[in-house]
Protein chains: 2
Amino acid sequence: MQERNTLQKRIVHETLISMCNHPTADEVVAEVQSSYPSISRATVYRILNKLADSGEALRIRINNGADHFDHQTFPHYHVHCSVCGKVADVAMPVEELADMLSDTSGYKILGYSLQFDGLCPECMKVEEERGA
Amino acid sequence: MQERNTLQKRIVHETLISMCNHPTADEVVAEVQSSYPSISRATVYRILNKLADSGEALRIRINNGADHFDHQTFPHYHVHCSVCGKVADVAMPVEELADMLSDTSGYKILGYSLQFDGLCPECMKVEEERGA
DNA sequence: ATCCTTATTAGGATATAATATCAATAACAG
DNA sequence: CTGTTATTGATATTATATCCTAATAAGGAT
């Protein structure tokens, strides 16, 4: 048996979808528990991680703070306000985006960070050998 | 008096520059303390933050792990191996980079995350009012 | 060179975020 | 319905980073 459909998974995912402000894991916990007090923090964290790992949600890492989650999975980017911490969507091609953002969005862009995740050649080799 | 040139600042910055593996703050602490045991963790963290905030270093946030630092400040990006955790540089224009990376680098790209930091219009307003 | 002001530091305590542990629960295949 | 085992709840623990405070020292003024 591989994976089970539990009430908790459905509730956490639906709650995330209903929240449009790029909530942190703890904000999702609070929202879930407002309707289902018996669902534990560990469960919400576990399910959010699974959603992020499987590509059903995005995890957004912010300097000096908790991870935020986004149920929108189409390719897009995020702006994070250094003062109030709000996270907002950006839906544009990325080249020279920082400048465009400064010019057109009203944001004052101070910096950005792009990061790819995946397997390096060495680890892919190991994975293949384990699988074969 | 605005800012003071301390031995600690020089040592931390020089140590970061000498480390080419995108070290975490704790790795910088260990390296610094191997030569200067009296320099405290809090000091190294403070100085690394200051370097990142002033643009003299880059902070790279990684899912499920500590921040990494990079003394190279020219615009470039990073690949993070999900298995071994290594961080490597990417020096290419970013459009459709994920696909290019998969094809040419030997990495298997599973996802990426781009994030801008700055001030949102509301916070800029507040800042301006405070300054005026 | 010496004094003064105050930015900075050392070291430990504390805060915060996320994960590990493990017994109890419940999904679902047979 | 039953058995297997993935999943959960609750809490402990870890990991990462910051806060706090007295002591130190940078660098301007004398």
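Where in chain A is confidence lowest, and where is it highest? This is a predicted model, and the lowest spot in chain A is helix 4, with a mean pLDDT of 72. Helix 1 of chain A sits at the other end, at 98. Taking chain A as a whole, the mean pLDDT is 83, and 89% of its residues reach 70 or more.

**Where the two chains meet**

Let's look at the contact between chains A and B. Each partner puts in its share: 37 residues come from chain A and 37 residues from chain B. On the chain A side, the elements that give two or more residues are strand 1, strand 3, helix 4, strand 5 and helix 5. Strand 5 of chain A gives the most, with 12 residues. Sorted by class, that side of chain A has 22 nonpolar, nine polar and six charged residues.

What does strand 5 of chain A pair with? Its partner is strand 5 of chain B; the two run antiparallel and are joined by 11 bridges. You can find one spot on this pairing yourself: A:Lys108 stands opposite B:Leu119.

**Around the DNA**

Now turn to DNA strand C, which has 28 residues around it. Among the closest are A:Asn5 and A:Asp67 from chain A, and B:Gln8, B:Ser40 and B:Thr43 from chain B. Helices 2 and 3 of chain A and helices 1 and 3 of chain B each supply at least two residues of this surface. Helix 3 of chain B gives the most, with four residues.

Here are the two surfaces by class:

**Inside the chains**

The largest nonpolar core has 16 residues, and those touching the most other members include A:Val12, A:Val28, A:Val44, A:Leu48 and A:Phe69. Helices 1, 2 and 3 and strand 1 of chain A each give two or more residues to this core, and helix 3 gives the most, with five.

Which residues does A:Val44 contact, leaving aside its neighbours within four places in sequence? The list is A:Val12, A:Ala25, A:Val28, A:Val29, A:Val32 and A:Ile39.

There's also a second, separate core of 12 residues, and B:Val12, B:Val44, B:Ile47 and B:Phe69 are among them.

Methods:
Residues numbered from 1 in each chain as written. Chains lettered and ligands numbered in written order. Predicted model: local features only at pLDDT ≥ 70, side-chain atom pairs only at ≥ 80, totals over all residues. Near = placed C-beta within 6 Å. Contact = placed C-beta atoms within 7 Å. Nonpolar A, V, L, I, M, F, W, Y, C, P; charged D, E, K, R; others polar. Pairing = 2+ DSSP bridges. Core = buried A, V, L, I, M, F, W, Y, C linked by C-beta atoms within 7 Å. Buried ≥ 20, exposed ≤ 12 C-beta atoms within 10 Å, placed from the backbone. pLDDT = per-residue confidence, 0-100.
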